[in-house]
Amino acid sequence: MKKNKIIFYTLLLVFFANPTFSASLDEIYRDIIRDDNSGYLPIFVKNRTRPEFLFEEEIQKSQTPPATQNTSPVVNLTNEYKIKADALKAEEEQWQAALTAIKNNNITPKELKTLDDQVAKNNPQAIEIKAWMFAKGYGIKQDLISSFILYRKAEKLGVKDALKNAAQVYKTMTREQRESLAQVKE
């Protein structure tokens with residue numbers, strides 16, 4: 001037992017009498033970057049826990065531009081991005097309102113215009129809805145040729161069952177409509 005205590009205390013002395021310097025991984029990484037960059041430490045490696053403060057003179061210099069300097073107007077890109085994001089959000093809300101109106105059979109010229117705008121932007125859902133409306137005469141005058149053309153366009157955009165729907169529309173067409181379809185360019 002006494003022998004074990006002696007070994008234990010000897011080991012404690014060996015390890016704690018001469019403390020060695022141990023660097024963290026972060027410090028090791030910084031040293032490697034400093035060596036690679038000839039002593040320069042890039043901004044992305046600088047200490048993130050301690051902010052770099054400017055002296056008062058430097059702050060005042062940066063805030064007051066010289067009188068001879070030609071200052072150009074500052075463009076606030078954050079506001080421009082916010083305006084665009086708000087416009088896209090409003091457009092999406094208008095599209096959802098149009099979908100709800102079509103579903104509830106409350107179609108007005110406003111919803112038709114929104115639908116036509118989405119068709120012009122090649123929105124596959126809008127193209128399929130417009131083709132269905134033309135096929136059924138739902139909210140607009142029935143036009144099987146336009147319905148067939150729109151279903152083919154929807155099929156090219158990857159809408160499921162669009163080709164099957166185009167075939168159904170084609171089957172319900174008269175001979176004259178089929179002949180006039182051959183003359184129409186898609």
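**Figure 1. Burial and helices across the predicted chain.** Of the 186 residues in the protein chain of this predicted model, 21% are buried, where buried stands for under 20% relative accessible area, exposed for over 50% and partly exposed for what lies in between (1.4 Å probe, protein chains only). The chain holds 9 helices and 0 strands, helices being DSSP runs of H or I with at least four residues and strands runs of E with at least two, numbered from the N terminus. Residues are numbered from 1 along each chain as its sequence is written. In this predicted model, local features need pLDDT of at least 70 and side-chain atom pairs count only at pLDDT 80 or more, whereas totals for chains, interfaces and linings use all residues, and side-chain values use heavy atoms, with hydrogens and water left out.

Figure 2. Gln118, which lies in helix α5 (residues 109-120), is buried because its relative accessible area is 10%. Apart from neighbours within four places in sequence, Gln118 is in contact (heavy atoms within 4.5 Å) with Glu91, Trp95, Asn123 and Ala126. The side chains of Gln118 and Glu91 are joined by a polar contact of 3.5 Å, a term for a pair of N or O atoms within 3.5 Å in which, within protein, one must be able to donate a hydrogen and the other to accept it, while residues adjacent in sequence count only if both atoms are side-chain atoms.

**Figure 3. Leu25 in helix α2.** Leu25 is found in helix α2, which covers residues 25-36. With a relative accessible area of 73%, Leu25 is exposed.
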